[in-house]
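Here are my notes for you to read beside the model. Take the points one by one, and look up each residue as you go.

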Amino acid sequence: MEKSLRHIEIPSSEITLESAYLSRRDFLKAMGIVSAASLLAACAPQVIGTPTTTGTNQPSLPTATGLVDELGEPTNTFEQITNYNNYYEFSFDKEAVARLSANFKTTPWAVEVGGLVHNPQTFSIEELLKFEQKERIYRMRCVEAWSMVIPWVGFELNELLKAVEPMTSAKYVRFVTVQDEEHMPGLRAPGYPWPYNEGLRLDEAMHRLTILATGLYGESLPNQNGAPIRLVVPWKYGFKSIKSIIRIELTDEEPATLWSTVAPNEYGFYANVNPEVDHPRWSQASERRIGELSRRPTLMFNGYAEEVASLYSGMDLSVNY
Ligand SMILES: Nc1nc2c(c(=O)[nH]1)N[C@H]1C(S)=C(S)[C@@H](COP(=O)(O)O)O[C@H]1N2
Ligand SMILES: [Mo]
């Protein structure tokens with residue numbers, strides 16, 4: 001069977017580098033949006049008093065928000081995070097997703113949580129928003145070798161999983177995206193086994209770093225970032241971060257995922273950020289932080305090795321890529 005690789009994640013970061021830069025006008029606009037938003041954040045993370053430039057790798061812009069992750073990395077701007085998106089149900093063009101998803105309907109919304117659980121439940125989005133905890137700043141690394149640092153609003157997935165009481169036979173969690181033919185023009189693209197679906201091992205899903213995001217920069221999640229609720233797994237490549245989730249299912253077998261179905265030799269089930277294991281068509285040893293001039297080395301597990309490496313002890317990560 002022949003499969004077209006035409007639309008499989010293309011390293012287009014090179015082509016769009018210029019547009020990833022903010023003009024001074026856009027930058028000031030982003031500052032405006034962001035300072036209002038950070039006031040709204042219930043539990044704002046560490047804030048640096050004065051805007052700074054960090055090192056020589058940065059363009060001569062001050063950090064837009066003063067927010068940093070736990071490695072001291074400044075967050076990307078709201079403008080960057082919401083205008084460079086992978087969401088194939090809308091478009092393969094990262095810069096077209098924002099516009100094409102503008103009319104996507106996210107109310108009413110519910111997430112069905114079932115499978116191997118004692119207490120299956122369907123949660124309305126209003127019920128899910130009650131789980132919201134504090135803002136979390138995570139680095140996100142995409143397989144096409146670009147990255148961003150994003151201040152998510154959300155809650156730990158384990159909170160939701162505990163509520164449905166997993167059976168001891170449950171070993172994996174499967175996630176499914178809505179399939180809205182009316183509002184998602186990308187669904188007409190041939191060759192993809194829609195709906196988009198993803199999976200985690202249960203211990204990965206229960207890890208405290210794994211969150212369901214319901215917002216960013218203190219605001220509700222923009223459509224292009226996966227409204228109203230999406231997964232964030234900060235030590236894995238971006239494609240694990242399934243958007244606009246409608247179903248979560250606990251299973252005893254490793255679930256098939258969209259990417260490992262379309263191109264099993266390129267995208268494995270685990271998809272841990274690993275600079276030592278290249279994608280067959282390009283290196284994963286370095287990355288471009290959106291907004292920066294030069295590439296930077298990629299960190300094992302995206303910099304979260306201390307927290308998550310033990311999940312994979314004894315596993316060969318070049319086999320389980
Ligand atoms: N439903 C769905 N979820 C998805 C995708 C997609 O095409 N459809 N793309 C994935 C990929 S490849 C990446 S890199 C991230 C991008 O998330 P962001 O747009 O919030 O940066 O979303 C992931 N989640
Ligand atoms: Mo991606």
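1. Start with Lys-236 and Glu-204, which form a salt bridge whose closest N and O atoms are 2.7 Å apart. By salt bridge I mean a side-chain nitrogen of Lys or Arg within 4 Å of a carboxyl oxygen of Asp or Glu. Lys-236 sits in the loop between β9 and β10, while Glu-204 belongs to helix α7 (residues 202–206), so this pair ties together parts that are 32 residues apart in sequence. Lys-236 is buried at 2% relative accessible area, and Glu-204 is buried at 1%. Here buried means under 20% relative accessible area, exposed means over 50%, and partly exposed is in between (1.4 Å probe, protein chains only).

2. A word on what you are looking at: this is a predicted model, in which local features need pLDDT of at least 70 and side-chain atom pairs count only at pLDDT 80 or more, while totals for chains, interfaces and linings use all residues. Residues are numbered from 1 along each chain as its sequence is written, chains are lettered from A and ligands numbered from 1 in the order in which they are written, and side-chain values use heavy atoms, with hydrogens and water left out.

3. How many salt bridges does a search of the whole structure find? The count is 16. Side chains of opposite charge can pair when their charged atoms come close. One of the pairs is Glu-198 with Lys-240, at 2.8 Å from N to O. Glu-198 lies in strand β6 (residues 197–201) and Lys-240 in the loop between β9 (230–232) and β10 (245–251), so the bridge links parts 42 residues apart in sequence. Glu-198 is buried, with 0% relative accessible area, and Lys-240 is buried too, at 1%.

4. Now compare Asp-203 and Arg-201, another salt bridge, with its closest N and O atoms 2.8 Å apart. Are these two residues buried or partly exposed? Asp-203 is partly exposed at 34% relative accessibility, whereas Arg-201 is buried at 14%.

5. Next, find Gly-154 in strand β4 (residues 146–156). Helices (H or I, at least four residues) and strands (E, at least two) are DSSP runs, numbered from the N terminus. Gly-154 is buried, with a relative accessible area of 0%. Setting aside neighbours within four places in sequence, Gly-154 is in contact with Glu-132, Gln-133, Lys-134, Leu-212, Ala-213 and Thr-214; contact means heavy atoms within 4.5 Å. The C-alpha atoms of Gly-154 and Gly-218 are 9.8 Å apart in space, and these residues are 64 apart in sequence.

6. For Asn-86, a backbone N or O atom is 3.2 Å from a nitrogen atom of the ligand, and for Thr-177 a polar side-chain atom is 3.0 Å from a nitrogen atom of ligand 1. Taken alone, ligand 1 exposes 530 Å², and the protein buries 100% of that (Shrake-Rupley method, 1.4 Å probe).

7. To finish, step back to the whole protein: there are 9 helices and 12 strands, and 56% of the 321 residues count as buried.

Key. Polar contact = N/O pair within 3.5 Å; in protein donor to acceptor, adjacent residues only side chain to side chain.
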